[in-house]
Amino acid sequence: MRLRPEPESPPTAGLPLGLGDLAGPVPAPLTALAANWLGVDEVQLECSGTAALTVALSALAEHSPSRREVAIPAFTCPLVPLAVRRAGLVPRLVDVMPGHFDMDPQRLADACSEQTLAVVPTHLGGRLADVATANAIAHPVGALTIEDAAQALGARLDGGFAGTRGDIGFFSLAAGKGLSIFEGGLLVAQDEAWRARFRRASRRIARWSPTWELRRTIELIGYATLYRPKGMALAYGNSMRRSLRDGDLLGAAGEHFSADFPLHTVGRWRRAVGARAFPRLAAFIEATTAQARARLPRLDSIPGIHAFTDEGGTWPYLMLRMPDERTRDAVLTRLWSSRHGVARMFIHALPDYDYLGTMPGGDDVPNARDFAARTLTITNSPWLDDASFEHVCAVIEATVAIA
Ligand SMILES: *Cc1c(COP(=O)(O)O)cnc(C)c1O
């Protein structure tokens, strides 16, 4: 182990925790702070974003036993289909639009039927999905929308917050995803009848677990301690580089997920840590938004690549679509193992994770596969200074030029 680790940027801009977040007065409960900020009546806390989705789907499944399918994008976090199955339901994969992460509306309409329980429009990396269109397709067939805003806490969409534009929404409080209590999730719903069902479903499936809470407490202390430039090699970089050397791309991206993910309540101490950090979140989003907006023109100056942008989104990282897979991989060969926070989003389209097995719709998702093959991300952490960002851009520019 290096005694004097080199500074390293995390792959996403998470709100750094200070040691002052670990003890002291709590301004208000975390759920009250989140509800107030998001402008909703109530927020339900679960032990992960995946758990929040599982709780919501379990309640929906119980209420509408004849509907067994949940339509999800074919390019999203592999935990999403695992949550669908954990709720006893079937994930139906919907291809995305060409060169994009959002579901193709025509494909979504084709996938929806009287079998469809819910549709999951998904914001990725703070970039916004079209929730209004998902609502317009889901509602006439009697399905509800569940906005996956795991990576978009604080993003604004259609006159409100992303996550509150569908019938139901959830956010992740996992490490690196904005505000973190190491693992956590927030669940919101427009309708009080659904909120009551979600509270009951949570009491049924998420029990207090001293062992999980102890583990998450230790992990959160480690995160608060190491989430700084000189700690990132130990917290993230060294194991990521080891995985890359071993050719374990899923390991490097942290995607060795298990169908047996934990479901338990979140203890009082971790809730208090989140509550103490919460008041800093809005200013952090403002600062990272300003940084991203200042950096986009440099990316736009590189011919052949596309940097995703929109009004209102948040900026954990900058999402780039490269001309082809070969160029993307050539850039990653030079930059993934660097300390500059360059990485991939999800390694595969969902049908290509062996551990997920087959899912209906999975045999016809060319756009999702193309998107997985051509995208990369550059961290928007404030720790990536201008000189390092310029180095990343110069490598991309040179690689595209010779491709
Ligand atoms: C991370 C993520 C999830 C799951 O959230 P966890 O809090 O990690 O369980 C779901 N959907 C998307 C798009 C994600 O990025």
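**Close-up views of a predicted model**

The chain has a mean pLDDT of 97, with 99% of its residues at 70 or more; pLDDT is the predictor's confidence in each residue, from 0 to 100. In this predicted model, local features need pLDDT of at least 70 and side-chain atom pairs count only at pLDDT 80 or more, while totals for chains, interfaces and linings use all residues. Residues are numbered from 1 along each chain as its sequence is written, and side-chain values use heavy atoms, leaving out hydrogens and water.

View 1. His 264 is found in the loop between helix H9 (249-252) and helix H10 (268-277); helices (H or I, at least four residues) and strands (E, at least two) are DSSP runs, numbered from the N terminus. With a relative accessible area of 1%, His 264 is buried (buried means under 20%, exposed over 50%, partly exposed in between; 1.4 Å probe, protein chains only). Its C-alpha atom is separated by 4.6 Å from that of Arg 207, 57 residues apart along the chain.

**View 2. The salt bridge of Glu 42 and Arg 199.** The closest N and O atoms of this salt bridge are 2.9 Å apart (a side-chain nitrogen of Lys or Arg within 4 Å of a carboxyl oxygen of Asp or Glu). Glu 42 lies in the loop between helix H1 (30-38) and strand S1 (44-46) and Arg 199 in helix H6 (residues 192-205), so the pair ties together parts 157 residues apart in sequence. A network of salt bridges links Asp 41, Glu 42, Glu 192, Arg 195 and Arg 199.

**View 3. The salt bridge of Glu 69 and Arg 92.** The closest N and O atoms of this pair are 2.8 Å apart. Glu 69 counts as buried at 13% relative accessibility, whereas Arg 92, at 24%, counts as partly exposed.
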